[in-house]
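Have the structure open in your viewer and a selection tool ready. We will go one stop at a time.

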Amino acid sequence: MLEFILVSTLNGVVYGLLLFMVSAGLTLIFGMMGVLNFAHASFYMLGAYIAYTVTRHIDFWVGLLVAPVLVAMIGVLVERYLLRRVHSHGHAHELLLTFGLAFIFEELVKLFYGDFPVNYAMPDHLRFAAFTIFDADYPFYRVFIGLVAIAMFVALYLLLSRTRVGLVVRAAERLPVMAEALSHNVPLVFMGVFGVGAGLAGLAGAVAGAFFPTNPNMALELGIIVFVVVVVGGLGSLAGSLVASLMIGVFSSFAVGLDWSLAGLLSYVGLGEWARAVGGLFTLTLSSISGTVPYLLMLIVLLVRPAGLMGERN
Amino acid sequence: MTLVWRFLPLTLVMVVLIGLPPLLDVGLQNVMVNVLIAALFATAFNLLIGQGGMLSFGHAAFYGVGAFAVMHLLVAIERGGLDFPTPLLPLAGAVAGMVVGLFTGYFATIRSGVYFALVTLALAEMLHALAPHWEGLFGGEAGISSMRMPWGGINFGQVIEVYYLTLAWVVIAFGLLYAYTRTPMGRLTLALRDNEERLRFMGYNVHATKVVVFTLSATFAGLAGGLLAFSNEQANYQLFEVHISAQVLLHTFVGGSTVFFGPAIGAVIFTIFAHVIGDITRSWMLYQGVIFILVVLFVPHGIGGVLTEHLRLRTHIPWRRIGRPYAIAATAALLITAASVMIIEFLEALFSPRYFAARRQVDMGFPPFERFGYVWEPFSVLTWLLPLVLGIVGLFLLLRVRHQVAELWSEARESAAAQGRPAP
Amino acid sequence: MSSETVLELRGLEKSFGAARIIRGVDLSVRRGERHAVIGPNGAGKSTLFNLVSGLFAPNAGSILLDGREIAGRSAHRINRMGLSRSFQITNIYHRMTVFENLRIGTMARHGIRFSLLRPVSSLTRINSETDALLERIRLTGRRDVPAGELTYSEQRALEIGMTLATGPEVILLDEPTAGMSKDETAYVIDLIREVTVDKTLLVVEHDMSVVFGLCDRISVLVYGDLLATGTPDEIRNNAAVQEAYLGEEAASS
């Protein structure tokens with residue numbers, strides 16, 4: 001039992017940090033530009049695939065370096081030549097464009113790499129146990145993912161709060177017109193933020209893709225959860241994203257291993273047999289519906305408090 | 001516009017829809033059924049976005065719910081001995097769509113814009129995540145399958161019978177949806193889209209109005225799903241996938257959401273396109289995505305919008321003079337399309353598992369590959385020069401003719417505006 | 001409260017966060033009068049309108065329409081009770097025709113809400129009333145033009161028309177002549193005078209000639225406080241008002 005709790009918590013925290021790496025960019029972009037980028041998780045996927053290709057031909061660590069940079073460049077191009085074009089048509093068009101982009105990225109990946117997962121694996125020298133819990137080895141790579149995410153958070157935080165660039169970015173987020181009036185190149189800032197956001201997602205993909213499956217569906221799978229994180233945490237709030245990511249990460253991790261059900265609960269009051277006979281909703285286990293809960297959470301947040309945990313009332 | 005001209009397109013379409021299918025083979029008849037269903041789904045979707053101004057990313061929820069409702073009825077008839085007229089089965093889809101739509105719409109329409117879109121997405125995803133685990137309602141991962149039972153002397157075993165029943169339902173549904181646009185509620189829906197705040201200050205309960213529009217849209221989406229289940233005799237949780245919501249979005253916007261028949265046009269084109277192209281190339285979804293992006297970027301009102309603009313300004317467009325630029329633009333588009341298709345198909349061939357196997361046989365060299373009935377050398381300059389040249393020529397022509405077309409159009413618009421101005 | 005008073009504000013307060021925008025306003029509008037609210041920018045005039053028309057609720061105080069409390073009630077309910085407002089920034093259905101814009105209001109007045117069973121073209125009474133209103137705001141020639149394509153002053157006229165379409169007793173006009181030339185202003189004021197003949201009008205305005213020429217009584221709002229209420233002459237001669245507001249106007253005119 002204790003083992004389960006410890007391992008689940010560790011896994012949950014790592015998964016949560018991974019989610020944060022991907023959602024950090026999205027929440028920054030939304031907070032600043034009001035654009036909800038459906039293609040954001042595609043950057044995650046592209047990062048994984050680019051890293052895979054570079055790893056195959058050169059080296060894993062080079063891949064980790066190259067992937068985020070290339071993805072950031074793709075992000076900049078997307079913002080400059082595509083998003084900016086439809087900006088004047090309104091938010092609905094932006095949503096549609098990013099939606100279409102996500103579609104296209106998935107198909108392009110399938111074109112070049114096929115429909116099935118590719119064998120992007122961590123290098124052998126990282127394949128060891130960080131420590132042992134109750135006779136089971138805990139893989140170092142999971143810790144590595146967490147470390148990269150933490151490093152990223154610290155770097156972002158320092159960048160935004162301590163540097164001039166960060167100041168300009170934050171100003172542009174609050175009052176873009178004012179920032180522009182003060183002769184800051186706001187379109188450049190937007191482009192930069194979009195690029196950095198994409199690059200972060202790319203880094204997350206490059207790191208995580210070596211551990212989790214790398215397939216054309218990974219953008220879709222992660223993408224919607226990332227939306228949940230961003231909404232629950234509060235659109236535009238980095239701290240909120242972190243909290244929400246950890247919450248959802250830990251929850252998912254625990255829920256997958258728990259067979260609790262309403263019938264089980266009711267058996268405490270002697271109605272277990274009846275509930276099991278009724279079936280349906282009563283016999284659904286937490287592990288099987290664990291996928292539903294994040295969406296339920298997002299739904300509740302959207303309906304009750306759209307600003308999320310730490311976002312600003314918009 | 002004279003009465004004959006107004007009803008001619010519709011009459012032609014009806015003639016084709018009624019008269020053509022018996023002449024087609026079963027596979028194509030099936031495609032026609034899917035075309036009708038897709039057209040209905042898209043038009044139902046457009047009630048929400050094109051008319052009501054509410055963008056939903058989860059319409060698959062009602063589509064799927066409608067399908068499952070019909071499946072349950074089919075099962076009840078087939079195995080449970082329920083006596084229910086087979087032709088009325090799709091109605092169950094509509095009712096299911098209405099009930100679920102009313103419930104979810106009440107909550108979803110509390111929010112608007114991006115938040116609304118996310119709520120609809122969350123609802124569909126919840127169903128998608130829940131369904132494979134809920135055996136009773138959704139048949140778990142395998143889904144539910146059954147069989148259509150004969151009724152009223154008709155077997156309903158043949159595709160052509162299913163087709164005509166689907167046609168009947170779709171025609172009725174389109175009739176109702178079109179009539180809706182003529183009712184006071186239909187006009188209110190447009191006001192909702194244009195300026196919901198003003199509507200509030202003119203004495204209308206905006207939330208209630210939105211719920212009604214949402215529910216109606218869900219009802220017809222459920223009907224479409226019900227027709228699908230009726231045709232396929234099976235339904236599973238994959239009907240709730242975001243790809244389904246994406247498809248209807250694609251159809252609606254490429255066809256044009258500002259015109260009543262726009263989404264239907266988009267649905268017809270894409271469904272037939274998928275069928276025809278899907279057999280030829282594996283990259284057909286990529287093509288769909290590219291077309292969609294191009295439409296969003298350059299033709300925001302879709303095909304329907306373009307057609308109606310031409311119709312609206314038909315007396316002002318200088319047809320003689322615009323003929324040549326249009327022909328050049330069409331040629332340019334053809335060239336660019338050919339170039340893009342060639343490049344994409346070449347890449348697809350080079351990266352396919354089949355080519356990899358072929359490479360193995362020549363010691364990991366780069367053997368020639370076959371496409372479009374020709375053999376190409378992967379590293380030959382000619383292979384890549386051909387599409388490149390086609391593409392560049394096409395682009396060049398397009399850029400040159402763009403200004404001409406734009407000028408002629410502003411001429412047409414000015415002429416129309418001058419006519420609209422009241423006499424001094 | 002006498003039947004003479006159709007709209008009454010008592011102790012109205014509104015703050016946004018720490019900023020007190022409306023600081024205890026008492027105002028009585030008499031039935032059938034034309035009442036202007038003037039004041040420097042940022043005085044809270046639009047906020048006052050927003051409170052009365054139901055965009056948001058006050059923090060304290062009450063608003064009585066015909067003796068019934070409307071403070072905090074929803075905007076659509078207040079409109080159904082007979083109060084209608086126009087907007088400073090034109091708020092129309094830009095993709096619908098001018099006629100349709102007005103018809104929405106006429107439909108509202110006749111209680112047509114979820115009507116699904118008949119074509120709107122069959123509602124002859126509503127259609128003819130809408131045409132009559134179209135005539136009154138002098139936009140008959142632009143009947144079938146999409147509202148977004150009208151000129152600025154035509155849109156302002158439509159804006160007033162839409163406010164009237166729902167058949168209100170009390171009309172709130174928020175800077176109806178904003179951004180207009182002298183001729184356009186005269187035209188719109190003429191229009192307002194005509195269409196508010198047997199109604200109660202509350203208008204926010206900056207143009208003093210309009211205010212003094214059109215209105216029976218004037219209230220002066222300065223930084224959320226109602227400085228004075230009275231006839232144009234009384235206000236013109238009010239020392240506090242002169243100091244706070246009109247002095248600048250008189251100096252600049």
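Select chain B: 80% of its contacts with a separation of 6 or more are between residues 24 or more positions apart, a contact being two residues whose C-beta atoms, placed from the backbone, lie within 7 Å. The model you are viewing is predicted, with local features needing pLDDT of at least 70 and side-chain atom pairs counting only at pLDDT 80 or more, while totals for chains, interfaces and linings use all residues. Residues are numbered from 1 along each chain as its sequence is written, and chains are lettered from A and ligands numbered from 1 in the order in which they are written.

Stay with chain B and switch to cartoon view. You will find 16 helices and four strands; helices (H or I, at least four residues) and strands (E, at least two) are DSSP runs, numbered from the N terminus. The radius of gyration of chain B, taken over C-alpha atoms, is 25 Å, close to the 22 Å from the globule rule (2.2 Å times the number of residues to the power 0.38), so chain B is as compact as a globular protein of 424 residues. Its C-alpha trace spans about 80 × 65 × 45 Å along the principal axes.

Next, colour chain B by domain. Domain 1 covers 16-288 and domain 2 covers 313-420, bounds that come from an automatic or database domain assignment. Their C-alpha centres lie 34 Å apart.

Now bring chain A into view. Where the two chains meet, chain B contributes 38 residues and chain A contributes 39 residues. On the chain B side, select helices H5 (113-130), H6 (135-138), H10 (242-255), H12 (284-298) and H14 (319-350), the elements that give two or more residues each. H5(B) supplies the largest share, twelve residues. By type, this side of chain B has 30 nonpolar, five polar and three charged residues.

Finally, move to chain C. Here four strands make an open antiparallel sheet in the order S2-S1-S4-S5, where strands pair if DSSP finds at least two bridges between them. Which strands are at the edges? They are S2 (19-30) and S5 (68-69) of chain C, each pairing on one side only. Zoom in on S1(C) (residues 5-16), which pairs with S2(C) in the antiparallel sense over nine bridges. Show side chains there: Glu13(C) stands opposite Arg23(C) in S2(C).

Terms used:
Ala, Val, Leu, Ile, Met, Phe, Trp, Tyr, Cys and Pro count as nonpolar, Asp, Glu, Lys and Arg as charged, and the others, Gly among them, as polar.
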